[in-house]
Amino acid sequence: MIQTDVIIIGAGPVGLFTVFEAGLLKLKCHLIDSLPQPGGQCSEIYPKKPIYDIPGFPSVLAGELVDNLMEQIAPFKPGFTLGEAAYAIDKLDDGSFVVTTVKGTKHQAPVVIIAGGLGVFEPRKPPISTITDFEEKGVDYIIKDPEVYRGKRCVIAGGGDSALDWSIYLAEREIASEVTLVHRNSSFRGHLDSVQKVIDLAESGKIKLITESEVIGLNGGSQLEQVVIQHAANGEIITEADHFIPLFGLKPSLGPIANWGLEIEKSAIKVDTLDYSTNIPGIYAIGDVNTYEGKLKLILCGFHEGTLAVQSAFARIHPEKKNVLKYTTVNGIQGF
Ligand SMILES: Cc1cc2nc3c(=O)[nH]c(=O)nc-3n(C[C@H](O)[C@H](O)[C@H](O)COP(=O)(O)OP(=O)(O)OC[C@H]3O[C@@H](n4cnc5c(N)ncnc54)[C@H](O)[C@@H]3O)c2cc1C
């Protein structure tokens with residue numbers, strides 16, 4: 001059981017900054033995120049896009065903002081459970097909460113702050129009838145640890161940056177023994193330099209590039225053995241493979257949080273703007289996941305919400321203590 005003061009569900013920009021504001025109040029945080037990396041939408045959807053409305057930054061790349069937030073919260077040593085969606089929440093007799101992930105990791109704290117954004121990002125799965133039979137047996141929708149593919153025959157499908165970048169990564173570093181990239185069209189949606197790199201690697205025999213094709217079937221027993229590809233002109237191609245990795249992007253859904261007894265309106269959690277508390281005392285909701293009159297789904301609004309939520313959380317955790325607002329300029333972070 002991981003014990004902490006505040007469990008933050010969602011390590012997007014809002015969840016990350018809340019660690020800082022909690023740290024100033026000497027509250028220790030543990031973040032849970034279903035994605036393998038922190039940063040939420042900024043890391044997953046638009047890491048290379050500049051954001052122009054973060055106060056004090058005329059322009060900052062979304063990925064850079066996440067790096068900066070990670071640096072800013074480092075002194076407070078937050079814990080992380082990444083790559084695991086928070087699945088269930090239980091209230092104990094002492095009023096504390098236990099949050100359990102899909103993998104069974106348990107976390108206990110007196111306060112839970114939900115910073116779940118648009119929800120859990122679920123993979124877009126290709127319409128192959130047997131695909132779920134081979135999940136955990138060779139089919140993966142996200143690459144968490146490339147070392148898993150060392151010496152393996154991998155078929156990647158997709159035409160965006162993820163499919164291109166991972167094909168390059170696994171082939172160029174000679175991690176996979178064989179990399180086949182299957183794409184429906186003859187042109188790709190990814191960055192031009194990645195497309196060129198894939199073409200170069202295909203010409204040098206390091207990537208087997210099969211365009212105008214779709215994966216239509218999977219064969220195997222206890223493990224994946226073959227991938228069946230339909231080529232527009234040449235018909236069926238059967239490729240021996242240990243892994244099939246369709247990288248067609250992720251789509252968000254509120255997911256398990258919707259079943260926790262929270263008041264939900266239009267796929268978002270209703271909160272009291274006094275402190276961003278939900279209808280369940282001790283559970284707060286901040287950032288894109290909440291709703292109230294006048295809500296704006298902007299990062300800076302989420303930062304404000306997290307700041308007020310931890311003030312309320314402090315009063316809940318330490319009812320006997322009086323919190324006096326201190327400026328960081330007075331003693332720096334160590335002074336808190
Ligand atoms: C293309 C694009 C451009 C944008 N540009 C701007 C801009 O210029 N300025 C601006 O202010 N905003 C912009 N936004 C919006 C901004 O990205 C969001 O407001 C911001 O990401 C919200 O942060 P968050 O931390 O609340 O949620 P998110 O960034 O969505 O992070 C939430 C995290 O919670 C995780 N999660 C959800 N449910 C669970 C669960 N059950 N268990 C574990 N983890 C869970 C998710 O995996 C995710 O990582 C843009 C958005 C997009 C898509």
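Me: What does the secondary structure of the protein chain come to?
Reply: Happy to start there, with a reminder that this is a predicted model, where local features need pLDDT of at least 70, side-chain atom pairs count only at pLDDT 80 or more, and totals for chains, interfaces and linings use all residues. Residues are numbered from 1 along each chain as its sequence is written. Helices (H or I, at least four residues) and strands (E, at least two) are DSSP runs numbered from the N terminus. Counted that way, the protein chain has seven helices and 23 strands.

Me: What share of the residues of the protein chain count as buried?
Reply: A residue is buried if 20 or more other C-beta atoms, placed from the backbone, lie within 10 Å of its own; 12 or fewer makes it exposed, and in between it is partly exposed. Of the 336 residues in the protein chain, the buried share is 38%.

Me: How are helix 4 and helix 5 oriented to each other?
Reply: Helix 4 (residues 161-172) and helix 5 (residues 192-203) pack at about 40°, with axes 10 Å apart. Axes are lines fitted to C-alpha atoms, for helices over the stretch in contact, and angles run from 0 to 180 degrees between N-to-C directions. Angles under 35 degrees count as roughly parallel, over 145 as roughly antiparallel, 65 to 115 as roughly perpendicular and the rest as oblique. The pair is therefore oblique.

Me: Is Glu136 buried or exposed?
Reply: Glu136 has a phi near 70°, a positive value in a residue other than glycine. Most residues other than glycine have a negative phi. Glu136 is found in the loop between strand 11 (120-123) and strand 12 (153-157). Because 9 other C-beta atoms lie within 10 Å, Glu136 is exposed.

Me: And what does Glu212 count as, by its C-beta neighbours?
Reply: Glu212 also has a positive phi, near 50°, and is found in the loop between strand 14 (207-210) and strand 15 (213-220). With 14 C-beta neighbours inside 10 Å, Glu212 counts as partly exposed.
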